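Please follow the account below with the model open beside it, beginning with the strands and then turning to the aromatic rings.

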Amino acid sequence: MTGNIAFIFPGQGSQSAGMGKDICAHHPTARFIFAEADEVLERSLSTLCFEGSDAELSLTVNTQPAIVITSLALYKCFIEKGGPQATFTAGHSVGEYAALAAAGVVAVQDIVRLVDSRANLMDSACPAGKGGMAALIGLNCSQVEEMITSLDLPNEKILDIAGLNCPGQVVVAGDGEAIDLAISRVREFGGRMGVKLNVSGPFHSRLMKSAEDGLIQKLSETEFCDAIIPVIPNTTAEGTTNQDQIKTALKSQLTLPVLWEDSVRFMIDRGVTTFVEFGSGNVLAGMIRKIDRQVRVIPVHDSATLDAALEELC
C-alpha cells in the first residue's frame with residue numbers, strides 16, 4: 001500500500017544547468033510545456049535551461065521561471081503516463097506556483113506570467129549582489145531570533161528569519177553584510193555553521209516589500225479557481241482549496257518566512273506517507289528525511305526517475 005501521496009515542488013536554489021533537457025528529449029508533453037512557456041515569455045526559456053550556464057540560471061529573473069516550468073513538465077508527464085493523483089500538494093517558495101498549477105488553481109500560461117513578473121519584481125526590489133540568504137545549521141527558531149537581537153544591527157541592515165525548513169536548519173535573509181555577520185558568529189549562539197544559499201536576493205524578508213506591493217496587482221489580474229486538491233501555502237502551513245485564501249497567502253509569501261517543516265508535518269499528520277518531488281535535484285527530499293525518516297520521498301527529475309516513480313507507485 002502506498003498510503004496518501006503529496007506532490008511537492010522545489011524552489012530557488014534547486015536549479016542546475018541542463019535542467020529539463022532529458023525529459024524533453026523523451027516526452028512530447030514536456031516539450032509542449034516548454035514551448036508554451038517560450039511563447040508566453042517571448043524568449044527561449046528552453047534554451048536557457050538546456051544550454052545555459054549555472055551563472056545564467058542563478059539569476060532570479062531566469063531561475064524562477066526555469067524551476068517552475070521544469071517541475072511542471074515533469075509533473076505533466078507523470079500524470080499523462082498514469083501516475084496516481086495526490087492528496088495534497090505544496091511547493092517551497094516559488095515552487096508553490098507549480099503546486100497551484102498541479103492543483104488546478106491557475107492555468108499554466110498564467111503561472112508562467114505570474115512567475116516571470118514575480119522574478120522581475122523581486123530582482124528590482126533588491127538587485128543581485130545587494131542581499132542574500134543563508135542556512136544556519138544547528139540552530140532553532142528561538143536561537144536565531146536571539147542572535148538577530150544580539151547582533152544589534154543598524155536599522156538599514158535588515159536580517160530576517162526567512163525559512164524554517166527542517167530541524168536544525170533556519171534560513172535567514174537580508175542585507176549582505178548582515179548575512180556575513182550572522183555566518184561568522186553562528187557558533188556563538190550554539191550553531192554549527194552558516195552556509196550561503198545559491199540565490200541572488202534576500203527573499204522572504206522585509207527587503208521584498210516593494211515586490212510584494214507589485215505582485216498584488218499582478219495577482220488581481222489573474223484568474224484563480226478553487227483547488228481540486230488541497231494546497232499547503234508556505235505562510236500558513238495548513239491545507240486549503242479556497243482560491244481567496246490561496247491568493248492572500250501568495251501576497252504575503254515574499255516577505256514572510258517559508259514554514260516548510262510545519263507544512264510537511266501537516267501533511268504527515270493527515271496520513272501522507274509518500275512525497276513525490278518534481279524538479280531538478282532532490283533538495284526537498286533532504287529536508288523531509290530530517291523531518292521524518294519514516295516517510296518515502298520519490299524524486300522525479302528526468303525520464304529515468306519518472307519511469308522508476310511510476311513503477312513504484314502504479
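In E6, Gly 194 is the bridge partner of Leu 136. The model is a predicted one, in which local features need pLDDT of at least 70 and side-chain atom pairs count only at pLDDT 80 or more, while totals for chains, interfaces and linings use all residues. Residues are numbered from 1 along each chain as its sequence is written, and side-chain values use heavy atoms, with hydrogens and water left out.

Strand E3 (residues 131-137) pairs with E6 in the antiparallel sense over four bridges; strands count as paired if DSSP finds at least two bridges between them, and the elements themselves are DSSP runs numbered from the N terminus, with helices (H or I) of at least four residues and strands (E) of at least two. Four strands form an open, antiparallel sheet in the order E4-E5-E3-E6. Because strand E4 (159-166) and strand E6 (193-196) each have a single partner strand, they stand at the edges, and one side of each is left without a neighbour in the sheet. Neighbouring strands of this sheet are turned by 25° against each other on average, direction ignored; the axes are lines fitted to C-alpha atoms, for helices over the stretch in contact, with angles from 0 to 180 degrees between N-to-C directions. Helix H9 (residues 176-185) lies across E3, E4, strand E5 (169-175) and E6, and runs at about 145° to E5, where contact means heavy atoms within 4.5 Å.

A search of the whole structure finds nine aromatic pairs. Rings of Phe, Tyr and Trp (its six-membered ring) pair if their centres lie within 6.5 Å, and planes under 30 degrees apart count as stacked, over 60 as edge-to-face and the rest as tilted. The pair of Phe 34 and Phe 50 is tilted, because the ring centres are 5.2 Å apart and the planes stand at 55°. Phe 34 lies in helix H2 (residues 28-41) and Phe 50 in helix H3 (residues 45-51), so this pair ties together parts that are 16 residues apart in sequence. Phe 34 counts as buried at 1% relative accessibility, whereas Phe 50, with a relative accessible area of 21%, is partly exposed (buried means under 20%, exposed over 50%, partly exposed in between, with a 1.4 Å probe and protein chains only).

Phe 88 and Phe 266 form an edge-to-face pair, 5.9 Å centre to centre with 75° between the planes. Since Phe 88 lies in strand E2 (residues 88-91) and Phe 266 in helix H12 (residues 260-269), the pair ties together parts that are 178 residues apart in sequence.
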